[in-house]
Every structure is written in C-alpha cells, then in structure tokens.
Amino acid sequence: MNPTIYALVELFFRLIILLFLLRFLLQAVSADRHNPIVEAVVKASDPLASPLRKIIPGTGRWDLPSLLLAWLSGIIFIYLSSGGSAPLGTSILFGAVHAAYVLTQFYWWSILIVVVVSFINQGSFHPIVDLLELLLEPIIAPIRRVLPTMGPLDFSPMVALIFLSLLQETLRTLSRSV
C-alpha cells in the first residue's frame with residue numbers, strides 16, 4: 001500500500017476507534033451529557049452505536065456496543081493494512097491490540113495536556129480540560145493514593161506517563177509483528 005494512503009487510512013481508523021472509545025469512557029465515568037464535547041461524541045457515534053445497542057444492550061456504566069465498535073474498527077484496520085492477507089484470528093487479536101494502543105496514546109496526550117494547562121493557566125475552567133481530568137481520574141487516582149504529593153507538586157501524572165509509555169511500546173512491538 002502506498003505510504004500516503006496507508007497514513008490516511010490509519011488516521012481515519014484511529015479517529016474512528018478513538019470516537020468509540022471516548023463514547024465508552026465518557027459513559028464509564030458518568031460524564032455530564034450536557035457538556036458540548038460529550039454531546040458531539042454521542043452525536044457522531046450514534047449512527048453506528050444506536051442500532052448495535054438494540055442487539056447488545058449496555059450494562060449500567062459500561063457501553064459495550066461502543067467498545068465492540070472500537071474493536072471492530074481495529075479489526076478492519078488490521079485486515080486492510082495487511083492487504084487482506086491476515087487470518088481472521090490474527091485480525092481479531094491485533095484489532096484489540098491496535099484499539100488498546102489508540103487508547104494509551106489518548107491517555108498519554110491527555111495527561112500531557114492537563115499538566116501543561118495546569119502550569120500555564122492555574123485555577124481556570126475549560127470544558128475540555130475538565131472532561132480530560134474526569135477521564136484521567138481512574139488512572140491517576142490509584143497512583144496518587146500510593147505516591148505521596150510533595151507539597152504543591154503532584155508526581156502521579158509523571159508516573160502515569162512513564163507507565164503509559166512502556167505500555168505503548170509493548171503494544172507497538174506487538175502490532176508490528178502482524
């Protein structure tokens with residue numbers, strides 16, 4: 001496949017996977033449905049998520065149809081990127097690996113954005129930053145409980161970034177073995 005076409009296809013599938021993962025995560029953390037970003041994610045993912053939700057109902061805070069759509073998007077990407085030569089089992093496994101890689105990248109960049117904004121614009125409110133902090137809390141909170149703060153400094157985002165970088169490298173190595 002032409003490198004330019006591959007890059008465009010990969011970007012398209014990363015964005016689709018991220019859309020469905022965000023829908024799953026936003027419901028998991030009980031994000032405010034009136035937040036404009038949440039509304040945009042729900043509106044963009046509804047054409048595919050709503051029909052699937054009739055077949056596979058979500059369970060409480062877990063939006064399983066959105067998670068399944070993210071995984072299916074990863075499977076389709078792996079299958080297409082292999083030129084249709086990847087066996088179904090391989091596509092299924094590496095589709096999940098690719099979706100997990102997209103998720104770790106999202107968390108890594110989200111932590112970086114929140115940290116930079118906290119240094120530049122302390123005490124201000126923005127719906128995106130508020131939403132990112134809400135999405136990051138399940139990752140940062142356990143580290144924060146173990147790692148004590150040093151006065152006003154919180155090193156838990158740095159530890160999370162290191163952990164996510166290691167996880168990203170592991171997933172990247174796995175995905176290159178296709």
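**Figure 1. Glu-137 and Arg-144 are joined by a salt bridge.** Glu-137 is partly exposed, at 36% relative accessibility, and Arg-144 is partly exposed at 34%. Buried denotes under 20% relative accessible area, exposed over 50%, and partly exposed the range in between (1.4 Å probe, protein chains only). The model is predicted: local features require pLDDT of at least 70 and side-chain atom pairs pLDDT 80 or more, whereas totals for chains, interfaces and linings use all residues. Residues are numbered from 1 along each chain as its sequence is written, and side-chain values use heavy atoms, with hydrogens and water left out.

**Figure 2. A salt bridge connects Arg-23 with Asp-46.** The closest N and O atoms lie 2.9 Å apart. The pair links distant parts of the chain, 23 residues apart, with Arg-23 in helix H1 (residues 3–28) and Asp-46 in helix H2 (residues 36–55). Helices are DSSP runs (H or I, at least four residues), strands are E runs of at least two, and both are numbered from the N terminus. Arg-23 is buried, with 8% relative accessibility, whereas Asp-46 is partly exposed at 26%. Both residues belong to a network of salt bridges that also links Arg-53 and Asp-63.

**Figure 3. Glu-169 and Arg-172 form a salt bridge within helix H6.** The closest N and O atoms are 2.5 Å apart. Because the two residues are three positions apart in helix H6, about one helical turn separates Glu-169 from Arg-172. Glu-169 has a relative accessible area of 38% and is partly exposed; Arg-172, at 23%, is also partly exposed.

**Figure 4. Six nonpolar residues form a surface patch.** Met-150, Leu-153, Phe-155, Met-158, Ile-162 and Leu-166 together present about 590 Å² of accessible area, calculated by the Shrake-Rupley method with a 1.4 Å probe and, for residues, only the protein chains shown as cover. Patch members have over 30% relative accessible area and no salt bridge; like charges are joined within 9 Å and nonpolar side chains (Val, Leu, Ile, Met, Phe, Trp, Tyr) within 5 Å. Ile-162 lies in helix H6 (residues 156–175).

**Figure 5. Acidic residues gather in a surface patch of negative charge.** The patch comprises Asp-32, Glu-39, Asp-130 and Glu-133. Asp and Glu count as negative and Lys and Arg as positive, while His and the chain ends are not counted; each charge is placed at NZ of Lys, CZ of Arg, CG of Asp or CD of Glu. Glu-133 is located in helix H5 (residues 127–146) and is partly exposed, with a relative accessible area of 39%.

Terms used:
Salt bridge = Lys/Arg side-chain N within 4 Å of Asp/Glu carboxyl O.
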